[in-house]
Amino acid sequence: MKVFAKIFGLESLVKKIDRMNEKVDEVLVQQMKIAILNVHGTAVKSILKIKGSKKQTRYEPKREVTVSPPGSPPNSDSGHLVASIAFEFLDNGKTGRVGSNKPVGSNVNYAEALEFGTSTM
């Protein structure tokens with residue numbers, strides 16, 4: 001015994017699913033951009049917010065700076081670190097990066113040491 005079935009509207013259903021996928025991609029890209037910008041903003045704000053009260057004289061020319069406590073983001077001194085933090089969107093906006101690694105992130109030579117520490121810190 002053979003049974004045959006005919007599905008009506010299959011082409012229409014496939015087109016609707018394709019449109020839904022396009023919408024999902026649009027929302028994904030939109031939300032990814034919001035997330036990347038939030039991460040960037042949080043990184044900048046965490047550096048600009050002065051933490052701790054310990055003062056030290058450092059650098060050449062000598063100047064007094066407020067040292068951030070261990071485990072805290074660095075305090076902003078010259079503003080170069082904050083100004084150099086960058087971000088990028090990848091994969092047509094579906095992914096992205098923020099950080100201190102070149103080429104994306106900070107282009108100052110001390111950014112990685114401040115973020116991850118060194119053996120002498």
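Colleague: Where does D25 lie?

Modeller: D25 lies in helix α1. This is a predicted model, where local features need pLDDT of at least 70 and side-chain atom pairs count only at pLDDT 80 or more, while totals for chains, interfaces and linings use all residues. Residues are numbered from 1 along each chain as its sequence is written, and side-chain values use heavy atoms, with hydrogens and water left out.

Colleague: What makes D25 count as partly exposed?

Modeller: Buried means under 20% relative accessible area, exposed means over 50%, and partly exposed is in between (1.4 Å probe, protein chains only). D25 has 33% relative accessibility, so it counts as partly exposed.

Colleague: How do you know that the span of helix α1 agrees with its 39 residues?

Modeller: Helices are DSSP runs of H or I with at least four residues, strands are runs of E with at least two, and both are numbered from the N terminus. The expected span is 1.5 Å times one less than the number of residues. For residues 10-48 that gives 57 Å, and the end C-alpha atoms are 57 Å apart, so the two agree.

Colleague: Which residues of α1 are buried?

Modeller: V29, I36, H40, V44 and I47. Their cover includes α2, β3 (86-90) and β4 (95-99).

Colleague: And why is N75 called buried?

Modeller: Its relative accessible area is 13%, which is under the 20% limit, so N75 is buried. N75 sits in the loop between β2 (63-66) and α2 (80-84). Beyond its neighbours within four places in sequence, N75 is in contact (heavy atoms within 4.5 Å) with residues including I47, K49 and T66.
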